[in-house]
Amino acid sequence: MLKKLKDAKAGVKIPLDILVLHVKNGRDIFITIFGEYKSSCFGLSLDTLIKLTKPVFEYEINELIAMEREEKLVDLNNSTDLKVPREIWRLIDYLYTEGMDTHQLFVNRAYGQHENIVEIRDWLDSWSSAPCPATPKTAAEALLIFLESLPEPLVTISERECIVNADNYERCRELIRVKLKPVNRIIFLHICLFLIELQRKNPSVRLNNL
């Protein structure tokens, strides 16, 4: 079923299955179930997100799949290329300007149950120039969901264990440089700098729960 959806063009509804409703003493009723696979930045790899040259919803599904499989590396030395996916940058930028004073910003997660998470997703997918349709709490939730939906973790368990167990700052810094892929390293440091600034301005933030 998922393959059918992914093989279809974006925005096109295709028949996925047929339900048969048996009516006692009557004729059977056949109900066709249609589905539509909607492209989204949620679930794409970091490399693909950086390669995007237009809003994700403008890509055909097969284009995104091809980009995901493409082995071409992102050139982080190219001044015209993004260093951080704009979706992550926009969420962090909003949190930096609007959420620094929010009490316990990343505490009491709703795990996607906020009403406007879909609005935030659509705002990111469309590269909208409208104001972010979020509150600091929902933007923080969207950022966490975004990171959780990555095909591969920003920092793998083995990488995290190595870094956490480093016996000094210099060793920790060296492990981050060596262990993490360049794209992951830049994004990881970008998020860390934001969290450090957030905790400096807002002591109620508890980073150990992230």
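Reply: Arg90 lies over the face of Trp123, at 3.9 Å from the ring centre. A charge counts as over a ring if NZ of Lys or CZ of Arg is within 6 Å of the ring centre and within 35 degrees of the ring normal. Arg86 lies over the face of Trp127, at 3.7 Å from the ring centre.

A word on the basis. This is a predicted model, in which local features need pLDDT of at least 70, side-chain atom pairs count only at pLDDT 80 or more, and totals for chains, interfaces and linings use all residues. Residues are numbered from 1 along each chain as its sequence is written, and side-chain values use heavy atoms, with hydrogens and water left out.

Back to Trp127. Its place is in the loop between α5 and α6. Helices here are DSSP runs of H or I with at least four residues, strands are runs of E with at least two, and both are numbered from the N terminus. Trp127 has a positive phi of about 55 degrees, although it is not a glycine. With a relative accessible area of 23%, Trp127 is partly exposed. The cut-offs: buried is under 20% relative accessible area, exposed is over 50%, and partly exposed is in between (1.4 Å probe, protein chains only).

Gln104 is another non-glycine with a positive phi, of about 50 degrees. It sits in the loop between α4 and α5 (117-125). Gln104 is partly exposed, at 22% relative accessibility.

Next, helix packing. Helix α4 (residues 86-98) packs with helix α9 (residues 182-201) at an angle of about 10 degrees, their axes 11 Å apart. Each axis is a line fitted to C-alpha atoms over the stretch in contact, and angles run from 0 to 180 degrees between N-to-C directions. The two helices are therefore roughly parallel to each other. That label covers angles under 35 degrees; over 145 is roughly antiparallel, 65 to 115 roughly perpendicular, and the rest oblique.

Who makes the contact (heavy atoms within 4.5 Å)? From α4 come Ile88, Trp89, Ile92, Leu95 and Tyr96. From α9 come Ile187, His190, Ile191, Phe194, Glu197 and Lys201. By class, the contact has 8 nonpolar, 1 polar and 2 charged residues. Ala, Val, Leu, Ile, Met, Phe, Trp, Tyr, Cys and Pro count as nonpolar, Asp, Glu, Lys and Arg as charged, and the others, Gly among them, as polar.

Leu46 meets residues of this contact. It lies in helix α2 and is buried at 7% relative accessibility. Beyond four places in sequence, Leu46 touches Pro85, Ile88, Leu150, Leu154, Val183, Asn184 and Ile187. Leu46 and Pro85 are 39 residues apart along the chain, yet their C-alpha atoms are separated by 6.9 Å.

Now ring against ring. The whole structure holds 1 aromatic pair. The rings of Phe42 and Phe146 have centres 5.2 Å apart and planes at 75 degrees, so the pair is edge-to-face. Rings of Phe, Tyr and Trp (its six-membered ring) pair if their centres lie within 6.5 Å; planes under 30 degrees apart are stacked, over 60 edge-to-face, and the rest tilted. Phe42 lies in the loop between β2 (29-35) and α2 (46-51) and Phe146 in helix α6 (residues 136-148), so the pair ties together parts 104 residues apart in sequence. Phe42 is buried, at 19%, and Phe146 is buried, at 1%.

Notes. Contact means heavy atoms within 4.5 Å.
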